[in-house]
Amino acid sequence: MRFRRFVLLTLTLALHGCVALTRGIVPVDGADLADTGAVRLDIDTDHPVLLRAVDEKPLPGVQVSSRARAFSYVLHPGERVLWLSDVPYGFPFLPQHLKCYLMHADLTAGARYLLRMDGAPRRPVLIDAMQHDTVAEGVLVDAPLIYERGCRWQ
């Protein structure tokens, strides 16, 4: 009897531990989540990019999208300047550079976009989720050593 309880408890914990977390939705600069005119910016979980600031206003934390927890941002529509960086790999003993990008995007009201790192040229791209067209591309502005300093977008 005890063994069955132990097995059931172990299976329950294992199954709940493997369940993906909910999608994190982050409002930026007072954007309302319920507003139908707001822009939704999803971060690709397979090729993530870190959104660091919008219109030169740093975000309060760095949200890393993964398959376990994907993040989306809700923004006001219009011309936006995005400060982005790549996701450094986790092994700290190899020297690596943090690549910092600047992106100018005109976001349409009520639209949904996907922000991802493009494969071959290794630059961030903003894709219209409905039409699957590239709307904007990031430009590399800085590449410091990761332990030396942070990004300088200006």
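# Reading salt bridges, a surface patch and backbone angles

Me: Is Asp42 buried or exposed?
Reply: Asp42 is buried, at a relative accessible area of 9%. The cut-off for buried is under 20%. One caution: the model is predicted. As for its place, Asp42 sits in strand β2, residues 39-43.

Me: Which side chains does Asp42 contact?
Reply: A polar contact pairs N or O atoms within 3.5 Å. Here, the side chain of Asp42 has such a contact with the side chain of Arg40, at 3.4 Å. Another polar contact, at 2.6 Å, joins the Asp42 and Arg112 side chains.

Me: How do I tell when such a contact is a salt bridge?
Reply: Look for a side-chain nitrogen of Lys or Arg within 4 Å of a carboxyl oxygen of Asp or Glu. Asp42 and Arg40 meet in a salt bridge, with 3.4 Å from N to O. Apply the accessibility classes to this pair. Asp42, at 9%, is buried. Arg40, at 24%, is partly exposed.

Me: Which residues are linked with Asp42 in a network of salt bridges?
Reply: Arg40 and Arg112. Together with Asp42 they make up the network.

Me: Start with Asp44. What is its partner?
Reply: Arg116. The closest N and O atoms of this salt bridge are 2.9 Å apart. Asp44 is buried, with a relative accessible area of 12%. Arg116 is partly exposed, at 22%.

Me: And where are Asp55 and Arg80 in the chain?
Reply: First the bridge. The Asp55 and Arg80 side chains meet in a salt bridge at 2.3 Å, N to O. This pair, too, links distant parts of the chain: Asp55 is in the loop between β3 and β4 (57-58), Arg80 is in strand β6, and they are 25 residues apart. Asp55 is partly exposed, at 27%. Arg80 is buried, at 14%.

Me: On to nonpolar side chains. Which residues form a nonpolar patch on the surface?
Reply: A patch takes residues with over 30% relative accessible area and no salt bridge, and nonpolar side chains are joined within 5 Å. In this structure, Tyr89, Phe91, Phe93 and Leu94 form one. Their accessible area together is about 480 Å².

Me: What does one member look like? Take Phe91 and its relative accessible area.
Reply: Phe91 is partly exposed, at 46%. Phe91 belongs to the loop between β6 (78-85) and β7 (100-107).

Me: What is the phi of His132?
Reply: About 60°, again positive, and His132 is not a glycine. The loop between β9 (124-128) and β10 (134-137) holds His132. His132 counts as exposed, at 64% relative accessibility. The cut-off for exposed is over 50%.

Note on methods:
Residues are numbered from 1 along each chain as its sequence is written. This is a predicted model: local features need pLDDT of at least 70, side-chain atom pairs count only at pLDDT 80 or more; totals for chains, interfaces and linings use all residues. Side-chain values use heavy atoms; hydrogens and water are left out. Patches are made of residues with over 30% relative accessible area and no salt bridge: like charges are joined within 9 Å, nonpolar side chains (Val, Leu, Ile, Met, Phe, Trp, Tyr) within 5 Å. Accessible areas come from the Shrake-Rupley method with a 1.4 Å probe; for residues, only the protein chains shown count as cover. Helices (H or I, at least four residues) and strands (E, at least two) are DSSP runs, numbered from the N terminus. Buried means under 20% relative accessible area, exposed over 50%, partly exposed in between (1.4 Å probe, protein chains only). A polar contact is a pair of N or O atoms within 3.5 Å; within protein, one must be able to donate a hydrogen and the other to accept it, and residues adjacent in sequence count only if both atoms are side-chain atoms.
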